Amino acid sequence: MCDAEDGEGEVFEITDFTSASDWERFIGSVTELLHEWKADKEPLTAPEGKEAPAATPSRPILQQSEVDFAGCRFTVTFVDLPGRAERRSSVPSAPSADPSDPSADPSVPSGAPPASPRSGEDSDDEPERLPPALDELRSATADFRPGAAAHPVAEAFGVRRFITVRPSAEPGVNSESKARILLSSLHMALREAAWDIPMFVQVHRLAMQYFMGTCVGEGVLVEFYTILLKRAPPHLYYLSGLLDLFKQKLSARAVPAVSVSLRLQYTVDDFGGLTYCGEAADPAELEAVLPDLDGETALPLDAAEGLEPLAGLDLMACWHQVAETLLVEDSYSQLNPRHAPLWRVRARPAARAVGLLGLCLKDVWMFCHRRDTFEDLVGRAIIDTPPQGQAPDVTAALSRLTGPGGRAGAVPGRSTHHQAGHRHLDDTTEYVNRLCEQLFNQEEVAPPPPAVPASLPRSVKTQLTEVKSSRPGDLLWRLARVVCLLARSRSSSLLCRVWERFLQQLRGHWETVQPVPGVEEGSPSYNTSLLHQKLQMLNCCIQKRAQGMKSSQDALDSGEAKAEDETEDDDEFFDAPDEGPSEEADCARQQRLPWNQPEGRLKPCGSLRLLETGERLYIPVTQDVAPMTEDRLQEQSEVLVSLGTDSEGCQLRARMMAASLTSDMEAFKAANPGSTLGDFVRWYSPRDWIQEESDDSGKSGSLSARMQIADNLWLEAWSGSKPVPARRQRRLFDETREAERLFHQLVTLRPAQLVQMLSPMIYHAAIYRLVEELEPADLPAIGQQLEEAVRRLHSAAKADWDDKSYDGVGQLIATCEHYVLRRRSLALKLDGVPEKDKFVQLLIGGVEVPVPGGPNGDAARRLERLLTGDQADQRLPPPASKEYILRVPCRRPGAASRPLPQRLHCRVSEDTFRLSASLSQDSVFS
């Protein structure tokens, strides 16, 4: 019984071995990805009649996905780089009977013929397919080729199409056992997917670029190894030691001659007297950091002080596919780079932009974030009194004191210096006066804008000319360049003085009724910047004031002439005027009462006559429409919206909007006594007068339907208007009030707000300055950045100032400027080289280019002088780095194996020794 109870209490644990483990799930995920990518990328050749899509150097084919393994995330990436070796149409399926037969070695440097099929087999049999990676290991077309090393795996192992597996985040795979587990898992996934593509695992820290890999094909296994050391072992620093190590690692009884590709790299970091950089400015000399007054003030496009656009030049002496017996390099005998068959050179650009134009724009952008006022910078508020030597207008001074811009403390002609710390600014008064005189010089002809490169797209040219700033060479264009230079020199107080003097000049033009030069005529144009619109508004005020003064003077002159006529002798006779159309007007004038006489007539309105009296209809003298800037228009719109939607608000809004209409109706009634609304409509809005077809006189007709609506705006305005000529009406545009409002807005600006308003002109001028220095050959390299800068500026200038938008434009301009400076620097260093311009244009992009004329050409001699410090016939310094690529077809692991390509890549420098081996072996004939 007890035994039965004990039996019932036993617990049976069942282990389910059918559930997948983490390791199996990882292999399954990788295999699924391989099947998916293999279906997308295979076959390697395109169908007949179609061209296979190929990757480009700038845009390789990349696909990524993430998988889990034991709680860790791994990123699996498929990489397909351009420049893959062509597939061989046939490969031997088995080795020849004699291992020493040279025909079994298809890739010896001497170029022996390919191996024949295995003895005893029919030569017509279909050859066995080997992995494409073997063709890439065998090929030397990508050795040291510019742009070929787009991936560290491609540079180290020579493959162009592969898959990498790396940890998604640090720490990486930091032990060899974990790396071996991953590598064996990838090996199994490759076999299950039946895809002969190399797969690599990135181990240790991601920045080390340490890879291990494998490739599984039909009867072939390729293993990839990496050795990374800080210092090169003494016996491996030269080619002889690398050859011994390579042959020892192959473990073959007979190793054919090894093919060697070698590159020695020399670096020039100090250019000595050929350094292209700006000169240091003496802080004690104010003129050294300020805009030049002798000529036109232009934005600088040059290298900054002590900053070279080039980080250095790399000279590479290359040997390609040379037999090991022809190259001897050991501790006793070193290679002479002058004997290399090929020289290449590469220009390394500086890590950051070093141009003055980009630095100026950066300082302008930073200045726009300041919070201080003019009083904080110069110790007092801005005074916009007329400049010395001009008598201030007393009436204008009273208007300023009582108007919106009036300040009791701002007395005309009086300065309010009160801080001794700013007395040194008096020393710059003469400079500021000369600078502003140059800005307002009416005789200076604005230079035409620089020609836009013809190769730019038409849309970019249109956007460049339609940027919302001002015309090139206008007053604000010149002021913007001055402010940009002052922001660069960090002369904030001087910038305030220039702006104060600028306002005084504007005030002087207003007081003397002289138009501001360098500003477009007419009403404010909404296609220009807001500050330019304000200057246009000031010119409108000046023009209106001049017209008023002229009218007053004409009225005064006519009054004096009339008084003189009354004192003359009554016996004086005059010839009677010819009878004309004025007789009818004189008769009508005599029939009216004195208080109903017409006034303010401009001219007859064609053949139209009044509907009721039949008198001639005259066009009245009316007031001009009040011009407005964008900010005033927005303020008016906000006021109209704030009135609400009730009946009282709608009526008030209608009266405010109908002010101009009411003024025109009053002037029409004064010029045409006895007129009706129909008469006004026939002149003001002919479309609202429906004329009968049978009547040619124009008297028979009626108002349109919208004009006959009860209590419409036109009826109310007509019934409420009185006959008042324009000269006696309340002014729609008060030029004095608007001018003082404008001066008040300009005076109360903070320095940052001023620079923000000038930013469209500053950045627009910077792009034009850059266009002046561009050459047609530059556009393929930086045309895209230039187009993007123009597009962003075109959008940014239409909206309020945005720091991100203008910062992006400034960075693009700095990038283009850096390109121009690199071209200048290379032209200086390669002066005297034949076809220098073409050679420089190839070097600017930072890629390796062949040296014209080879090691014995003029360009090579110039580069040697840069390496040796401009001393002739001096031995070249030791190379900064050396790079070796060793290749050999070898039978592994046994003598009966097929000859397969083996590859060893080594990079040796002062602080790095990297060895990458690609070893293949036959897994069938071992």
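Trp195 is buried, with a relative accessible area of 1%; here buried means under 20% relative accessible area, exposed over 50% and partly exposed in between, for a 1.4 Å probe and protein chains only. Phe78 also counts as buried, at 0% relative accessibility. This is a predicted model, in which local features need pLDDT of at least 70, side-chain atom pairs count only at pLDDT 80 or more, and totals for chains, interfaces and linings use all residues. Residues are numbered from 1 along each chain as its sequence is written, and side-chain values use heavy atoms, with hydrogens and water left out.

**Aromatic pairs**

A search of the whole structure turns up 23 aromatic pairs. Rings of Phe, Tyr and Trp (its six-membered ring) pair if their centres lie within 6.5 Å; planes under 30 degrees apart count as stacked, over 60 as edge-to-face and the rest as tilted. Two of the stacked pairs are set out here.

| Pair | Centre to centre | Angle between planes |
|---|---|---|
| Phe78 and Trp195 | 6.0 Å | 20° |
| Trp499 and Phe502 | 5.5 Å | 15° |

Helices (H or I, at least four residues) and strands (E, at least two) are DSSP runs, numbered from the N terminus. Trp499 and Phe502, in turn, share helix α13 (residues 492–511), where they are three residues apart, about one turn of the helix. Both Trp499 and Phe502 are buried.

Elsewhere, Phe668, Phe680, Trp683, Tyr684, Trp714 and Trp718 make up one aromatic cluster.

**Charges over rings**

The charged end of Arg545 sits over the ring of Trp510, 4.5 Å from its centre, and that of Lys249 sits over the ring of Tyr225, 5.5 Å from its centre. For this, NZ of Lys or CZ of Arg must be within 6 Å of the ring centre and within 35 degrees of the ring normal.

**A hairpin**

Let us turn to the strands. Strand β10 (residues 601–609) and strand β11 (residues 616–620) pair in the antiparallel sense over four bridges; two strands pair if DSSP finds at least two bridges between them. Arg601 stands opposite Pro620 in β11. Six residues lie between the strands of this hairpin, and Gly614 takes a positive phi near 75°.
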